[in-house]
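Subject: Structure handover

Hello,

Here is the structure I promised to pass on. Please open it alongside this email, and my notes follow below.

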Amino acid sequence: MRYRAPRGTTDILPEEQVYWRYVQECASSLAETFGYGRIDTPIFEDTGLFVRTVGEATDIVDKEMYTFEDRGSDQVTLRPEGTAPVCRAYLEHGMHNLPQPVRLYYQISLFRYDRPQAGRYRQFHQFGVEAIGDSDPAVDAEVIELAWRFYERLGLQGLTLALNSIGDKTCRPLYLERLVEYYTPHVEHLCQDCQARIHRNPLRLLDCKQLSCQPYIAEAPVSTESLCDDCREHWGRLTTHLGDLGIAYSVDHRLVRGLDYYSRTVFEILPPEEGSQSTLCGGGRYDGLMEQLGGKPTPGIGFALGIERTILNLKRQGVTVPDQSTTAVAIAHMGEAGGREAVKLAAQLRSAKTSTILLPGQKSLKGQMRHAGSLGARYVVIIGDKEAANGVATVRDLAAAEQREVPLGEVIAAVSQDHSHD
RNA sequence: GUGAGCGUGGCCAAGAGGUUAAGGCGCCAGGUUGUGGCCCUGGAGAUCGGGGGUUCAAAUCCCCUCGCUCACCCCA
């Protein structure tokens, strides 16, 4: 075959769409219930936006971005994440003039140049929210709750919420110092990656997966015990809110998140099965991000969750999704006059919002009936020259295996009867 | 970037050196006069991912290559 979908991309065929619709409708209706408004940002941005915010030492920037120079010699990048563009839009449109916090949600495609595997693609999709302009821990709780309710509504079970605080610009430097201080004597025993992390990105020492590094992680200083007064209070109030909401969480001192812009609250939602790349949802607070983009200091918190991974888990757990059947009416027709009436009738049915297809009239009636049956149509309307001449049509109910002849003008009524028992 | 497994008609899938490469699903056409879902019959559709090699003979053995999948790194 000459062409196929590029590596790491996939076609979402009609039979898959039932999952997508289910998940995406659940996401947007829930977000709107929480008072979030939808935002769509461009699919590509200035490369600098991501380099500066996500962090040069992160894998995303280091090796996963789809970056190219356009014909005008601008460096652009297919967005690898959603938060930075939303923050850019916040600044660009002066949203600080709106009542704070500004609540936004998005459902977008993202692009990361990775080796694809289960639940990971080069083009993938996220649902995410950002609440910008309020540092109240109640907003942290709200955002976490929104993510949690999403999975609850979908019907996924056995998920866990992992929570941590990595401090802010006041206390994190001190914590990092303690961390480096603690690790330095052990440096020779660490894996290659961790030896580099000590200098490049010490926080990441904590989520190393190497077995040999685990003992050092277990004994490492814990960030929540190094928080400054403000961060400690924020943390305490957040956990209180979550308790009040009845949302169970487990504090994970090793949870640090990959992107540079996080501060204070970080969290993830994980599926029941173990697996290192299985995170369903990740988020956190990013109080320093706006300043990096040249705006005034503005707090913010949000999350992003993977649609593909969500659907993967829906399937694994056998969650049944509503399957709105598509075709209600199929019109079989024979002969010149029958064909003309069929085309007109189809138009009328569609304008009455009844999904209708025209069967291939060059086939035998038997062939058309089979066709209708395999489509799962509810009714077949048969119009041959005989019916056309008499101004009638035969309306057959496929499920009931009954049919009757009705005047053409009454076909719509005949196929619109009471489906409440369906 | 690293490692492992796999690549046979649209899909699933037999086949493990030797005449025309099974079968199932799906698709198409029929089973008498304009009628589906079951059943029956027939049909179309594969240079066995690609290239090279071994051999009288390869889908079956060897090498290379491409692709897919899974895992690692990392992340959604």
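Two strands count as a pair if DSSP finds at least two bridges between them. Keep in mind that this is a predicted model.

**The sheet**

With that rule, five strands form an open sheet in the order β13-β12-β14-β15-β16. The pairing is mixed. β13 (356-358) and β16 are the edge strands, and each pairs on one side only. From one strand to the next, the twist averages 25°.

Start with β15, residues 392-397. Is this strand mostly covered or mostly open? It is mostly covered, with five of its six residues buried.

On one side, β15 pairs with β14 (residues 379-383). The sense is antiparallel, over four bridges.

Val-392 faces Pro-407 in β16, and Ala-393 stands opposite Val-406 in β16.

β15 and β16 form a hairpin with four residues between the strands. Look at Ala-401 there: its phi is positive, near 55°.

Which strands does helix α12 (residues 335-351) lie across? They are β12 (329-333), β13 and β14. α12 runs at about 165° to β12.

Helix α13 covers residues 365-375. It lies across β12, β13, β14 and β15. Its angle to β12 is about 170°.

**A helix pair**

Now look at helix α1 (residues 14-33) and helix α11 (residues 307-316). They pack at an angle of about 110°, and their axes are 10 Å apart. Angles of 65 to 115 degrees count as roughly perpendicular, so α1 is roughly perpendicular to α11. The crossing of α1 and α11 is right-handed.

Which residues make the contact? From α1 come Glu-16, Tyr-19, Trp-20, Tyr-22 and Val-23. From α11 come Ile-307, Glu-308, Thr-310, Ile-311, Leu-314 and Lys-315. By class, the contact of α1 with α11 has seven nonpolar, one polar and three charged residues.

Best wishes

Key:
Residues numbered from 1 in each chain as written. Chains lettered and ligands numbered in written order. Predicted model: local features only at pLDDT ≥ 70, side-chain atom pairs only at ≥ 80, totals over all residues. Heavy atoms only, no water. Axes fitted to C-alpha atoms, helices over the stretch in contact; angles between N-to-C directions. Helix = DSSP H or I, 4+ residues; strand = E, 2+ residues; numbered from the N terminus. Parallel < 35°, antiparallel > 145°, perpendicular 65-115°, else oblique. Left-handed = near helix turned anticlockwise from the far one by under 90°. Contact = heavy atoms within 4.5 Å. Nonpolar A, V, L, I, M, F, W, Y, C, P; charged D, E, K, R; others polar. Buried < 20%, exposed > 50% of the residue type's maximum accessible area, 1.4 Å probe, protein only.
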